[in-house]
Amino acid sequence: MSCLFPVAEKFTSINGEGVCAGELAVFIRFRKCNLRCSYCDTLWANSDNAPAELLTAEEITDYILSAGVKNVTLTGGEPLLQENLHLLTDSLITEGLRVEIETNGSLPVERLATRSCRPVFTMDYKLPSSGMENKMCTENFRLLNENDTVKFVSGSTDDLDRALEIIGDYSLLSRCHVYFSPVFGKLPPERIVDFMKEHSLNGARLQLQLHKFIWNPDKRGV
C-alpha cells in the first residue's frame, strides 16, 4: 500500500520569503504541527484532524510537475512530522526540482540532510516571544550548509538580542544564510535594520513576508 500524505493545501504562488523570495514556487502544506507559536498564522492546518487530501508521493509529484515550476516548498504545519517524507523529496529531486523544507526547528533534520537527494532547509529558531524556544533542536545547526537558511522571526528587541547570541554561539553567518523577519504587525522592520547596523551583521538579511503585502495577510493559497 502506498504511503499517504495529508495535504492541507497545495497551490502555486511566489515565495514570500527566503533565498528564492519573489520566485515562483509550488507549495505543499501538510497538516499537523508539534508547536503552538504565539504568532502562528496557520493554526487552521496544525491539528491532527485538520481538513486534508490524502495523496501519494506520486500524486503530489505529478501535481507539481504539471505546474511547470522548478521551486517546491514543503511546509505546514510541520513537514518533518511526515515519517516517509524522503519518499516525496527523493521523487521531486530526482525530477530536477529544487525542494525546500520549511521546518520549525524542533525536529531533527539528519534523516533528510544526509541523503544523496538532499533538500534545502529553511529552519526557524523560535525566539522567546514565540513561547517555544525550549523546543529547539540546536543539533541541527551542524548539518546546515551554504544552501540552507536559519530564520529568526522576531517580535521584540529581546528576541533580537537572543538571535544575536545564537548566531554567535553557532557561527551561523559562516555556515548558512541568516534572515531576520518581524512578527507581522508587531516589530517595526526599521528596528531590525537599526539592530543589524548596531551589531555590524554583515551577511544577515532582513526579509519581509511579500505575500502579506501583496494580498490580505490572512488570505490562504497565496
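Which residue of S8 stands opposite Thr149? In this predicted model, for which local features require pLDDT of at least 70 and side-chain atom pairs count only at pLDDT 80 or more, totals for chains, interfaces and linings use all residues. Residues are numbered from 1 along each chain as its sequence is written, and side-chain values use heavy atoms, with hydrogens and water left out.

The residue opposite Thr149 is His177 in S8. Helices (H or I, at least four residues) and strands (E, at least two) are DSSP runs, numbered from the N terminus. Strand S8 covers residues 177-182 and runs parallel to S7, to which six bridges join it. From S7 the chain crosses through helix H4 (residues 157-169) to S8, and this β-α-β crossover is right-handed. The term right-handed applies if, with the strands pointing away from the viewer, the path from the first strand over the helix to the second runs clockwise. S7 also pairs in the parallel sense with strand S6 (residues 120-124), over three bridges; two strands count as paired if DSSP finds at least two bridges between them. In this pairing, Asp124 stands opposite Lys151 in S7.

Buried means under 20% relative accessible area, exposed over 50%, and partly exposed in between (1.4 Å probe, protein chains only). Six of the six residues of S7 (residues 149-154) are buried, so the strand is largely enclosed by the rest of the structure. In a regular strand the side chains alternate between the two faces of the sheet. In S7, Thr149, Lys151 and Val153 point one way, Val150, Phe152 and Ser154 point the other way, and all are buried.

Lys151 is buried, with a relative accessible area of 9%, and Asp124 is buried at 10%. The two side chains meet in a salt bridge (3.4 Å, N to O), a term that denotes a side-chain nitrogen of Lys or Arg within 4 Å of a carboxyl oxygen of Asp or Glu. Because Lys151 lies in strand S7 and Asp124 in strand S6, the pair ties together parts that are 27 residues apart in sequence. Asp124 also meets Lys126 in a salt bridge, with an N to O distance of 2.7 Å, and Lys126 is buried, with a relative accessible area of 5%. Together with Glu17, the residues Asp124, Lys126 and Lys151 are linked in a network of salt bridges.

A search of the whole structure finds 14 salt bridges. One of them joins Glu9 to Arg29, the closest N and O atoms being 2.8 Å apart. Glu9 lies in strand S1 (residues 4-14) and Arg29 in strand S2, so this pair ties together parts that are 20 residues apart in sequence. Both Glu9 and Arg29 are buried.

Helix H1 (residues 57-67) has two contrasting sides. An α-helix has 3.6 residues a turn, so residues three or four places apart point the same way. The buried residues of H1 are Ala57, Ile60, Thr61 and Ile64. They cover an arc of only 100° around the axis, which puts them on the same side of H1; the arc is that of the directions from the helix axis to the C-beta atoms. The face turned away from this buried side carries the exposed residues Glu58, Asp62 and Ser66.

Several backbone features lie in loops. Most residues other than glycine have a negative phi, and most peptide bonds are trans. The peptide bond from Gly76 to Gly77 is cis, with omega near 15°, and Gly77 is placed in the loop between strand S4 (71-75) and helix H2 (85-94). Lys32 has a positive phi of about 90° although it is not a glycine; Lys32 is found in the loop between strand S2 (24-30) and strand S3 (53-56) and is partly exposed, with a relative accessible area of 36%. Ser171 likewise has a positive phi, near 50°. Ser171 lies in the loop between H4 and S8 and is partly exposed, with a relative accessible area of 42%.

Phe184, Leu208 and Phe213 make a nonpolar surface patch of about 280 Å². Accessible areas come from the Shrake-Rupley method with a 1.4 Å probe, and for residues only the protein chains shown count as cover. Patches are made of residues with over 30% relative accessible area and no salt bridge, with like charges joined within 9 Å and nonpolar side chains (Val, Leu, Ile, Met, Phe, Trp, Tyr) within 5 Å. Phe213 is found in helix H6 (residues 210-214) and is exposed, with a relative accessible area of 54%.
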